[in-house]
Amino acid sequence: MAGSAALLESIRHQAGALHTLQAAAAPHPPRSPPQPSHTQTFSASRSGPAWHSPGEDTEVSKPDGAQKLQDKRKALRKRPKEGEESGDLSPLNPDEPRPERLAQPGLARRETLREMALCSKVSRLVEATSRLVQAEQTLLLPLLQQHPLSLHPKDSIEFRNICSHMALQREGQQFERDLHEAHQCLKTIIEKLICSLAVSPSDSYIPVRSALRQILQDLLAM
């Protein structure tokens, strides 16, 4: 393809990828907790202490059973606590945090740090793509009118497809793989542009090469 037409086609696909990346970098809407349905609320209101019919006989309702229970409680109050005699640790209170529960905040913290790192990578990929599109539009496109180059938009089309697939995932391992592939694809686009400009004898491309090298350097720092 002719240099200007190929570059315009590449810019169009890169701009589409940029728009998709910006949407992926946007903060997720908070998830509202599920509201209990009317049936669940009704069921919960019916749950509670069990009702006994007048004809039912329970051991606690008998006078002898109640007296035995009272005597047993008095005996337990008089007996010294087992923990005081043996020095053993008392069992964990159900309301106290257990070891597995204490580990949960750490796991949640690691998840949060991981998400923050991914968001940072997406943001920097957005920045690199935006800078590339701007350099191509303002620096490279005017020069191609005077000094044509052989360019092809294939890599930019692939870059846009990867970003579109990544935006559908939003999270998870597939999202991370797509993010890595998008990073590598953008790196390839910039490197090929630099190589194409390097073989040109014109000194007019020197500012463009410098700008592209700086974008690539910042991208590789991710």
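Modeller: We'll go through confidence, helices, the core, salt bridges and a pocket, one at a time.

Colleague: What should I know before I look at any detail?

Modeller: This is a predicted model, so local features need pLDDT of at least 70 and side-chain atom pairs count only at pLDDT 80 or more, while totals for chains, interfaces and linings use all residues. Residues are numbered from 1 along each chain as its sequence is written, and side-chain values use heavy atoms, with hydrogens and water left out.

Colleague: And what is the average pLDDT of the protein chain?

Modeller: pLDDT is the predictor's confidence in each residue, from 0 to 100. Here the protein chain averages 76, and 61% of the residues score at least 70.

Colleague: Now the inside. How many residues does the largest nonpolar core have?

Modeller: The general idea: in soluble globular proteins, nonpolar side chains tend to be buried together. A nonpolar core is a set of buried Ala, Val, Leu, Ile, Met, Phe, Trp, Tyr and Cys residues joined through side-chain atoms within 4.5 Å. Buried means under 20% relative accessible area, exposed over 50%, and partly exposed in between (1.4 Å probe, protein chains only). In this model the largest nonpolar core has 40 residues, and those with the most contacts inside it are Leu140, Phe159, Leu186, Ile190 and Leu212. At least two residues of this core come from each of α1 (3-25), α5 (99-144), α6, α7 and α8 (206-220). The largest share, 12 residues, is from α5.

Colleague: Let me zoom in on Ile190. Which residues does Ile190 touch?

Modeller: You'll find Ile190 in helix α7, buried at a relative accessible area of 0%. Leaving out residues up to four places away in sequence, Ile190 touches Leu132, Leu212, Ile215, Leu216 and Leu219. Take Leu132: Ile190 and Leu132 are 58 residues apart in sequence, with their C-alpha atoms 7.9 Å apart in space.

Colleague: What about helix α1? Is His13 buried or exposed?

Modeller: His13, in helix α1, is buried, with a relative accessible area of 10%. Not counting residues up to four places away in sequence, His13 touches Ser156, Ile157 and Arg160. Thr20 is also found in α1, and Thr20 is buried at 16%.

Colleague: On to charges. How many salt bridges does a search of the whole structure find?

Modeller: A salt bridge is a side-chain nitrogen of Lys or Arg within 4 Å of a carboxyl oxygen of Asp or Glu. The search finds five. One of them joins Lys192 and Asp155, 2.9 Å from N to O. Lys192 lies in helix α7 (residues 173-198) and Asp155 in helix α6 (residues 154-169), so this pair ties together parts that are 37 residues apart in sequence. Asp155 is buried at 10% relative accessibility, while Lys192 is partly exposed at 41%. Asp155 also meets Lys154 in a salt bridge, 3.4 Å from N to O, and Lys154 is partly exposed at 49%.

Colleague: Last one: what volume does the second largest pocket have?

Modeller: On a 1 Å grid over the protein atoms alone, a pocket is an open set of points where a 1.4 Å probe fits, with protein on both sides within 12 Å along at least five of seven lines; lining residues have an atom within 4 Å of a point. Grid points are joined across faces, edges and corners, and a volume is the space filled by probe spheres set on the points. The second largest pocket has a volume of about 210 Å³. Of its 14 lining residues, the closest to its centre are Leu151, His152, Asp155, Lys192 and Leu193. Helix α7 gives the most to this lining, with four residues.

Methods:
Contact = heavy atoms within 4.5 Å.
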